[in-house]
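Here are my notes on the model. Please keep the structure open while you read them.

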Amino acid sequence: MSEFMLETQNLGISFGGLKAAQDVNLKIKPKELYGLIGPNGAGKTTVFNMLTGVYLPTTGRFFLDGEDLTGKSTVEISRHGISRTFQNIRLFTNLSVIDNVLVGMTNRLPCNMFESMFRLPRHFRTEKELRAAARELLNVFGLDEERRSLASNLPYGKQRKLEIARALATQPKLLLLDEPAAGMNPHETAELTETIRFVRDHFDMTVLLIEHDMSLVSGLCDRVTVLNFGTTLAQGETSEVLHNPEVVRAYLGD
Amino acid sequence: MKKNIRLKHYINYLILGLALVLFIALDLLGVLKRSDANLLAQVGYSVILAVSLNLVVGFLGELSLGHAGFMCVGAYVGGLVYIMLEPQLNKLGAILVALPIGGIAAALFGLLIGLPALRLKGDYLAIVTLAFGEIVRTVIRNQDIFGGTRGLESVRFGNRLYILAFLLAILTVFISQNLRRSKHGRAIQAIRDNEIAARAMGVNVTYYKLVVFAVAAFFAGVAGVLYAGSTSVIRSDNFSFNYSINILVMVVLGGMGSITGSIISAAALTYITVKLTISLSGDMAAIEPMVYALILILAVMWNNAPFLRPVREKLGAKLEALRQRILHCGEVPEDNSPEIAAWDKVPTKIPMDAILSTDFTVDHSFDADRRGKEEEQ
């Protein structure tokens, strides 16, 4: 295992003349809770999209556990161990809660389409095993009771949780959370903080999260990087960075 | 509980199986007329067409307007094999060889059409499939080997073709249903619901799209071979755009994603069309498409008209209660949320999530399709 779970080197992307993100250098240690913050339009989600293969970076490279994943497709990156949630929830709305998690487990066991079509023994073994694993995961998040309801029928907070559960179903090494507390009240945010911490401890997970809620960031993250207009404004221990005058200025204006 | 859930899974086989047994019984009693047997064969391959198109439209969420084109490939390729082998083997042997060949030929074209499907979405893909259907038909019409404009002379299989058609319809349902209730089916439905999220979960979108198109085309090809056995002349005109639309109508009317719905509506619409064509002769024949359209308009009104809502809900609740009684034998369903009537579950539009949308786009999802509640235990 390399020293850093995720390392980006001068990662950047420009759309035409617009440099949406440039020279992003993240070094995230295993089991770290790392925050990526910044004002709206700073390029945070763009960084996520590069790390998950949605965008191809124009400059720089990134490594997961020492392995270069630059230029790989979303599916390949997912298989190599980066999983994510989305800023606006993107659940499979017409599937049940358990099926959402099961989709995340699609690549876990070998069982080809032919075996499923003709109901060969391996199909049943696979289904049984996956279902047990999915229920275990749902149990951890307190969603097992609702496993049969449609994902779209869950209350908002639980949809967020389900998204995290689904992301974990792919057995990632690194979990990217895009504004997990968006639209939550303080009580739900506190619960979410616990959930994320629990995920880190229970699954030995490295977490990189984008967040606007500073109470969540300061309560949760070991270190943060502040982006502003696509460039790194500050980087380091959370408490230090949040008191950095430049960071305060970026958030509050001059 | 275990037993009750299983019954739900076998309902489609039950419908088709019982119908087949009934018709065979009538046949043996000598009550089944030749025209009826023909009609039944047609019902059989219509069910195959509708159920297979439902794989693309209802499960994968892509609009395909060229299903008749795949049927056309199957009909001509399989038909040619059937005609050539028929003198050497018997009719049954010949068609049994022709069926998989016609299916595979169509499946190859399905792969061909699946390739643009990876890059195109929604309306654009629909146009490509539409063009495909027309191109195939036109090309085939201009080949001498396929009989040119006069059509390809075929050999009628005989009255018992409907048995084969129904058995193959059951096979189609078997495969579609198994595919759906497996990890692959979940992946396919995940692509339909949110392609970006599906990719992020490691779902190989390319692979699944190609396979769905190929499987759907395979069965359309099989239906084409059945058609070849049911007619004396295979005419390319039959596989026009209109026919693709007719198949699509069966799927939409039955409820996208619902296999049972596809079976029932394919059977009903085929029956109505054939009966109308027979009973309305001469000038009156012009009424046929009108009646067809009227049925569709009424069906859509029934689904959506606000003033019918109380009726719909009342009947829906009653049907739901009946369904629960049959499927769960009086047990209270685990999910307490009020169920909506079966036809209100029918999604009315295909999600057309732009393929390269960023995180800021709004999701277009089916409105209230309640699917996925079944669980295999």
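1. Why does A:Lys158 count as partly exposed? Because 19 other C-beta atoms lie within 10 Å of A:Lys158. The cut-offs are 20 or more for buried, 12 or fewer for exposed, and partly exposed in between, with C-beta atoms placed from the backbone. A:Lys158 sits in helix 6 (residues 156–169) of chain A. From A:Lys158 to A:Val199 the sequence separation is 41 residues, and the C-alpha to C-alpha distance is 15 Å.

2. Ground rules. This is a predicted model: local features need pLDDT of at least 70, side-chain atom pairs count only at pLDDT 80 or more, and totals for chains, interfaces and linings use all residues. Residues are numbered from 1 along each chain as its sequence is written, while chains are lettered from A and ligands numbered from 1 in the order in which they are written.

3. The sheet in chain A. Six strands make an open, mixed sheet, ordered 7-8-9-4-10-11. Helices (H or I, at least four residues) and strands (E, at least two) are DSSP runs, numbered from the N terminus; two strands pair if DSSP finds at least two bridges between them. Strand 7 (82–84) and strand 11 (231–237) of chain A are the edges, each pairing on one side only. A:Gly35 has A:Val224 as its bridge partner in strand 10 of chain A.

4. The hairpin. Strand 1 (residues 6–15) and strand 2 (residues 18–24) of chain A are antiparallel, with four bridges. A:Ile13 is bridged to A:Ala21 of strand 2 of chain A. Two residues lie between the strands, and A:Gly16 takes a positive phi near 60°.

5. Helix 2 of chain B. This helix (residues 34–60) has 27 residues. From first C-alpha to last it reaches 39 Å, close to the expected 39 Å (1.5 Å times one less than the number of residues). Helix 2 of chain B still bends by about 35° at B:Asn54, the angle between axes fitted to the seven residues ending there and the seven starting there. Of its 27 residues, 23 are buried. Just after the helix, B:Gly61 has a positive phi of about 80°.

6. The contact between chains. Chain A gives 38 residues and chain B 36, counting C-beta atoms, placed from the backbone, within 7 Å. Helix 3 of chain A supplies the largest share of chain A's side, five residues.

Note on methods:
Contact = placed C-beta atoms within 7 Å.
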